[in-house]
Amino acid sequence: MTDIQELDARALKTTKSLVDLVDPSMLDLPTPCGSWTLGQLLAHMTGQNHGFAAAAREEAPGLDVWADRPVGDDPAGAFAESAAEVTAAFAEEGVLERRFWLAEVRGGQFFPARTAIGFHLLDYVVHGWDVAVSLGRPAEFDTDLLEAVLPIAEDVPAGPARERPGAAFAPRLDVPADADLFPRILRLLGRDPAWPGPRG
């Protein structure tokens, strides 16, 4: 596999190691991802993996393929299955010459494979962090993964679209000039690195 595929596979592996810690009793935990519970977040992440896998196979999937998939009584298993599927799809020979139809992005568009896989990489680093902090654990992604994600995060359009209900990312937060790499990424994508803040 070439760089973007390898980076994505490693990000998924780290995120999977966090999801492996989740049992059904934890699915009602809050997350930094809007108003979603951990169960809703994992349903989204699992569905997105299946959607990206279908796009990588040039199936031009409709919105139904991207739909959330509840993880039931086996959250780790459901996510692991979806992660294995998308990793295998991204690793197929010739995949980087394909164009991915992403039905949920900008009303549905084709994107070059490297760009689309980059979107997936961004999502699973950030959602990996979401899962980690929901569980009260650190998200430990390698520095080179974060360095690859930063320019993708910087390119996510800002503006009023991110204030609408259902927007993929909340509006950007101010980024201090001395912010470290991961907090910089999180703030660009509307996440507060200090979530959930002080608890009374």
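Predicted model: local features only at pLDDT ≥ 70, side-chain atom pairs only at ≥ 80, totals over all residues.
Residues are numbered from 1 along each chain as its sequence is written, and side-chain values use heavy atoms, with hydrogens and water left out.

The secondary structure comes to 6 helices and 2 strands, where helices (H or I, at least four residues) and strands (E, at least two) are DSSP runs numbered from the N terminus. Read along the sequence, these elements follow the pattern α-α-α-β-β-α-α-α. The radius of gyration, taken over C-alpha atoms, is compared with a globule rule of 2.2 Å times the number of residues to the power 0.38; for 200 residues a compact globule would have a value near 16 Å, and the chain, at 16 Å, agrees. Of the 200 residues, 46% are buried, and here buried means under 20% relative accessible area, exposed means over 50%, and partly exposed lies in between, with a 1.4 Å probe and protein chains only.

Let us now turn to helix H4, residues 113–134. Its 22 residues reach 31 Å from the first C-alpha to the last, close to the 32 Å expected at 1.5 Å a residue, the expected span being 1.5 Å times one less than the number of residues. H4 is mostly covered, since 19 of its 22 residues are buried, and just after H4 comes Gly136, which takes a positive phi of about 75°.

Gln5 sits in helix H1, residues 3–19, and counts as buried because its relative accessibility is 6%. Setting aside residues up to four places away in sequence, Gln5 touches Phe90, Ala91, Val95, Leu96 and Ile117. His50 belongs to helix H2, residues 38–56, and is likewise buried, at 10% relative accessibility. Beyond its neighbours within four places in sequence, His50 is in contact with Val65, Arg69, Ser82 and Glu85. With the side chain of Glu85, the side chain of His50 also makes a polar contact of 2.4 Å, a term for a pair of N or O atoms within 3.5 Å in which, within protein, one must be able to donate a hydrogen and the other to accept it, and residues adjacent in sequence count only if both atoms are side-chain atoms.

Finally, the charged pairs. Side chains of opposite charge can pair when their charged atoms come close. A salt bridge is a side-chain nitrogen of Lys or Arg within 4 Å of a carboxyl oxygen of Asp or Glu, and by this rule the count comes to 7. Which parts of the chain does the pair of Asp142 and Arg10 tie together? The closest N and O atoms of this salt bridge are 2.8 Å apart. Asp142 lies in the loop between H4 and helix H5 (143–155) and Arg10 in helix H1, so the pair ties together parts that are 132 residues apart in sequence.

Conventions:
Contact = heavy atoms within 4.5 Å.
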